[in-house]
Amino acid sequence: MKNKYYISILIFISFSSCKKNFLDVVPGDQVTDATFWRNESDAQKAAVSVYNYWGWAADDGVHNIPTRALYLGEAWSDNGTTSNFWNGFWYNTWSGNVSPQDANIDGYWTALYESIREANVFLANIGKPVMDEAVRKKLIAEVRFIRAYQYHILLNTWGGVPIVDKPLTASELGVPRATPEDVTNFILSDLDAAIPDLDIIPENGRIKKGGAMALKARVLLFAKKWPEAASAAKTLMDLNIHDLFQTTEGDGYQKQFVTDNNTEVLASWKYDVTVRQNEKPALLTWWQWWGEGNPLSPTQALVEAYDTYNAATDQLAPFNAANPYVNRDPRFNFTITTSTGSSTDYGVKKYLGGNEGTENIIIRYAEVLLTYAEAKIESNQIDQSVLDAINKVRARAYGVAVSNVTNYPEITTTSQSALRDIVRNERRVELAMEGLRWYDITRWGIANTVMNGPVLGANGMVSKTRTFSDRDNLRPIPQHQIDLSNKSLVQNPGYN
């Protein structure tokens, strides 16, 4: 691992290191502050560099980790398993054997902070170019969203982390960890500053206003700021710009992942689909059929989370092991398939559909509806709007209008405890294989319950046995980073 990747000495920017990305803008020879930051063209190139570092999927052992995390990260949870073929990072964290010395944990931390460093360099210099002020504001807003997103991942992976909001100098090394509350507030300050200046419908591939608003709602939800989270989600809903994607055939849930620029997408990474190293979920999914290992195997626990619904009687029924594929929530068949090459005999179908598209969706509108519902439920402010939000998500899955209540399992209860269980399971099946389950079970405090013991596959097969303890709610701070910080970084409990 080259030292230039570590945040402790990343104090300059080299635009020559940029890789081809969705805007097809590749800066030329290496430049310095004295020859760059002159005009709007320079500012746009610098912004592209920040986008590149955010969405990198370079096959170099470092920058593929954040992009894989949205997909393979499900193996950190009770939704999936993985094999040691996919390096120790996924397998060891899944099995509870990860250590501070793990080079891949260090690579994950490094890639995220390298992206933040690019954002910080941009923000420190964007005031220099002679350019249109409206464009400057918009670029600043886009970069602040990217920085906020990366800190959001850091916070929910490691807890309180160092807040670095400017390019570091040699005299500023060894930044200590901030508290989780301070990191949350820093993220929210970036998002609040960004939202007013972002376009509602931007140039293809750029950050949307709705994406920043959705991330704000998610951050508030994860911080258990229930009224604020509900308000943030409702503000986005009231824009009436975004909606759940649907098709005339009623398979909008599946097709949204292969339909670029659809109305549900709030934030995504854009990819050049001709380059194999750009590892979007569809490509990782295909690998299970190409014989290149088994990236992700759904578990029996996830399979059983999908409702069994008899449309003829408009009633839910218990999971029937004797007829496991009959009358299931349509999202089951859109997400999971059988796969004899899998360690559970289940494979991932989600993200496939003939045309894999160019987007890796990281935030979509269905999550906003469920965020709103969960926040209102936890606030015990339950009204019809809560039921409407959940029912809208459910109805889309069944390919019908939300008013067509006899053809999907409509939610009618107003019991807080019942609705809490419903919305949590709804998040599980709606967002399965999208990298959010581990964050959900840790923030709900149920990881110790759902993660320990045998991992079951089809027909009662035992894939592996998993061990999970309190320490595993957070990942270890990489020992290499602790060493580089002159021990100013303090390790998470249980990893010493």
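In strand 10, Thr 465 is the bridge partner of Pro 454. This pairing belongs to a predicted model, in which strand 9 (residues 453–456) and strand 10 (residues 462–466) run in the antiparallel sense and are joined over 4 bridges. The two strands form a hairpin, with 5 residues between them. Within the turn lies Asn 459, whose phi is positive, at about 60°.

Strand 10 also holds Ser 463. Is this residue buried or exposed? Ser 463 has a relative accessible area of 17%; because buried means under 20%, Ser 463 counts as buried. Leaving aside residues up to four places away in sequence, Ser 463 touches Thr 81, Ser 343, Thr 344 and Val 455.

Strand 8 (residues 359–364) is mostly covered, since 6 of its 6 residues are buried. In general, the side chains of a regular strand alternate between the two faces of the sheet.

The helices may be considered next. Helix 7 (residues 209–222) and helix 8 (residues 226–237) have axes that come within 8 Å and cross at roughly 160°. Angles over 145 degrees count as roughly antiparallel, and helix 7 is therefore roughly antiparallel to helix 8. The crossing of helix 7 with helix 8 is left-handed. On the side of helix 7, the contact is made by Gly 210, Met 213, Ala 214, Lys 216, Ala 217, Leu 220 and Leu 221. Helix 8 contributes Trp 226, Glu 228, Ala 229, Ala 232, Ala 233, Thr 235 and Leu 236. What classes of residue make up this contact of helix 7 with helix 8? There are 10 nonpolar, 2 polar and 2 charged residues.

These elements can now be placed in the whole protein chain, which has 18 helices and 10 strands. Of its 496 residues, 58% are buried. Among contacts between residues at least 6 apart in sequence, 68% join residues at least 24 apart.

Terms used. Residues numbered from 1 in each chain as written. Predicted model: local features only at pLDDT ≥ 70, side-chain atom pairs only at ≥ 80, totals over all residues. Heavy atoms only, no water. Axes fitted to C-alpha atoms, helices over the stretch in contact; angles between N-to-C directions. Parallel < 35°, antiparallel > 145°, perpendicular 65-115°, else oblique. Left-handed = near helix turned anticlockwise from the far one by under 90°. Contact = heavy atoms within 4.5 Å. Nonpolar A, V, L, I, M, F, W, Y, C, P; charged D, E, K, R; others polar. Buried < 20%, exposed > 50% of the residue type's maximum accessible area, 1.4 Å probe, protein only. Pairing = 2+ DSSP bridges.
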